[in-house]
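Please examine the sequence and the structure shown below.

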Amino acid sequence: MQGLTDVKQTVAITGTAQLQKYVGAVLTDITRARIKGIQAQSTAAGGSIKIYDTSGAATAAKIVFEAQFGTVDNSDFTYYVSEAGIKCDTGMYAVLSGVDFLVVIYS
């Protein structure tokens, strides 16, 4: 079982992008990870988040998480994954629609 010190947060993104972290002062793509939680805010009704286990492009076969949320602007979305989390072997690429920002908690 992983301890609390293993949990990290991605850099917030505001549009479709590869999820990243800071290594020192340099932004670096996250490769292997387990998604533990997701937080976002919608820009309008019907925010949409899709996260893929890939680096650089969305491929339907690689989707690991999808959610739609929000009935009005600024609706919050928080989702915690129990136990081991959602495993991503290659990276985390997020496709956003109607979303102000997204951060992912991972280990």
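How exposed is lysine 50? Lysine 50 is partly exposed, its relative accessible area being 27%; in these terms, buried means under 20% relative accessible area, exposed means over 50%, and partly exposed lies in between (1.4 Å probe, protein chains only).

## Basis of the report

The model is predicted: local features need pLDDT of at least 70, side-chain atom pairs count only at pLDDT 80 or more, and totals for chains, interfaces and linings use all residues. Residues are numbered from 1 along each chain as its sequence is written, and side-chain values use heavy atoms, with hydrogens and water left out.

## The sheet

Four strands form an open sheet in the order β2-β10-β6-β7, and their pairing is antiparallel. Here a strand is a DSSP run of E with at least two residues, numbered from the N terminus, and two strands pair if DSSP finds at least two bridges between them. At the edges lie β2 (17-18) and β7 (63-69), each of which pairs on one side only.

Within this sheet, β6 (residues 47-52) runs antiparallel to β10 (residues 93-97), and 5 bridges join the two. One of the residues involved is tyrosine 52, whose bridge partner in β10 is tyrosine 93.

The whole structure contains 3 salt bridges, a salt bridge being a side-chain nitrogen of Lys or Arg within 4 Å of a carboxyl oxygen of Asp or Glu. One of them joins lysine 50 to glutamate 66, with the closest N and O atoms 3.9 Å apart. Lysine 50 belongs to strand β6 and glutamate 66 to strand β7, so this pair ties together parts that are 16 residues apart in sequence.

## A network around aspartate 89

Salt bridges also link Arg32, Lys87 and Asp89 in a network. Aspartate 89 forms a salt bridge with arginine 32, where the closest N and O atoms are 3.8 Å apart. This pair connects distant parts of the chain, 57 residues apart: aspartate 89 is in the loop between β9 (86-88) and β10, while arginine 32 is in the loop between β4 (26-29) and β5 (33-42). Lysine 87 forms a salt bridge with aspartate 89 as well, the closest N and O atoms being 3.6 Å apart.

Arginine 32, at 60% relative accessibility, counts as exposed.
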